[in-house]
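Here is a short briefing on one protein model. Look over the sequence and the structure, then read the points below.

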Amino acid sequence: MAKERQETVWRIWVDTERRVVSFHETEGGQLLEFRSHEQFQACIDRYTAQRYRYQ
C-alpha cells in the first residue's frame, strides 16, 4: 500500500487596516493560504517591504 502524501498548507491572516500579519487566526484578519512555500515567502516579503508588523 502506498503511503498517502499530506499536502502542506501555509496560512497567514492579514489585517490591512491595522497593517498586521498574523500566523494565527485573528479577528478582522483575512485568511490567505499557500500550497507553495515559494509563494508564501514571496507574500511575506511583500508585506515586509510595506512595513507590516508580524505577530
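This is a predicted model: local features need pLDDT of at least 70, side-chain atom pairs count only at pLDDT 80 or more; totals for chains, interfaces and linings use all residues.

**Briefing: sheet, helix, core and rings**

Q41 is partly exposed, with a relative accessible area of 32%; buried means under 20%, exposed over 50%, and partly exposed in between (1.4 Å probe, protein chains only). Q41 sits in helix 1, residues 37–49.

Residues are numbered from 1 along each chain as its sequence is written, and side-chain values use heavy atoms, with hydrogens and water left out.

Helices (H or I, at least four residues) and strands (E, at least two) are DSSP runs, numbered from the N terminus.

- Four strands make an open sheet in the order 3-1-2-4, with mixed pairing. Two strands pair if DSSP finds at least two bridges between them.
- Strand 3 and strand 4 are at the edges, each with a single partner strand, so one side of each has no neighbour in the sheet.
- Strand 1 and strand 3 run antiparallel and are joined by five bridges. Here I12 stands opposite L32 in strand 3.
- Strand 1 and strand 2 pair antiparallel over three bridges. The bridge partner of W13 in strand 2 is S22.
- Strand 1 and strand 2 also form a hairpin with four residues between them. R19 in the turn has a positive phi of about 60°.
- Strand 2 and strand 4 pair in the parallel sense, over two bridges. V20 stands opposite R53 in strand 4.
- Strands of a sheet pair through backbone hydrogen bonds, either parallel or antiparallel.

**Helix on the sheet**

- Helix 1 lies across strand 1, strand 2, strand 3 and strand 4. Helix 1 runs at about 25° to strand 1.
- Axes are lines fitted to C-alpha atoms, for helices over the stretch in contact, and angles run from 0 to 180 degrees between N-to-C directions.

**Core**

- The largest nonpolar core has nine residues: I12, V14, V21, F34, F40, C43, I44, Y47 and Y52. Strand 1 (10–15) and helix 1 are the elements that give two or more residues to this core. Helix 1 gives the most, with four residues.
- A nonpolar core is a set of buried Ala, Val, Leu, Ile, Met, Phe, Trp, Tyr and Cys residues joined through side-chain atoms within 4.5 Å.
- In soluble globular proteins, nonpolar side chains tend to be buried together.
- F34 is buried, at 11% relative accessible area. Leaving aside neighbours within four places in sequence, F34 is in contact (heavy atoms within 4.5 Å) with T8, V9, W10, I12, Q39, F40 and C43.

**Aromatic pairs**

- A search of the whole structure finds four aromatic pairs. Rings of Phe, Tyr and Trp (its six-membered ring) pair if their centres lie within 6.5 Å; planes under 30 degrees apart count as stacked, over 60 as edge-to-face and the rest as tilted.
- F23 and Y54 are a stacked pair, 6.0 Å centre to centre with 15° between the planes. F23 lies in the loop between strand 2 and strand 3 (30–34) and Y54 in strand 4 (residues 53–54), so the pair ties together parts that are 31 residues apart in sequence.
- F23 is partly exposed at 44% relative accessibility. Y54 is partly exposed at 31%.
- F34 and F40 are an edge-to-face pair, 5.8 Å centre to centre with 65° between the planes. F40 is buried at 10% relative accessibility.
- Ring pairs link W10, F34 and F40 into a cluster.

**Buried polar residues**

- S22 lies in strand 2 (residues 20–22). S22 is buried, at 1% relative accessibility.
- The S22 side chain makes a polar contact with the side chain of Q55 (3.0 Å). A polar contact is a pair of N or O atoms within 3.5 Å; within protein, one must be able to donate a hydrogen and the other to accept it, and residues adjacent in sequence count only if both atoms are side-chain atoms.
- D15 lies in strand 1. D15 is buried, with a relative accessible area of 9%.
- A polar atom of the D15 side chain lies 3.0 Å from the backbone nitrogen of R18.
- Not counting residues up to four places away in sequence, D15 touches V20, E27, G28, G29 and Y52.
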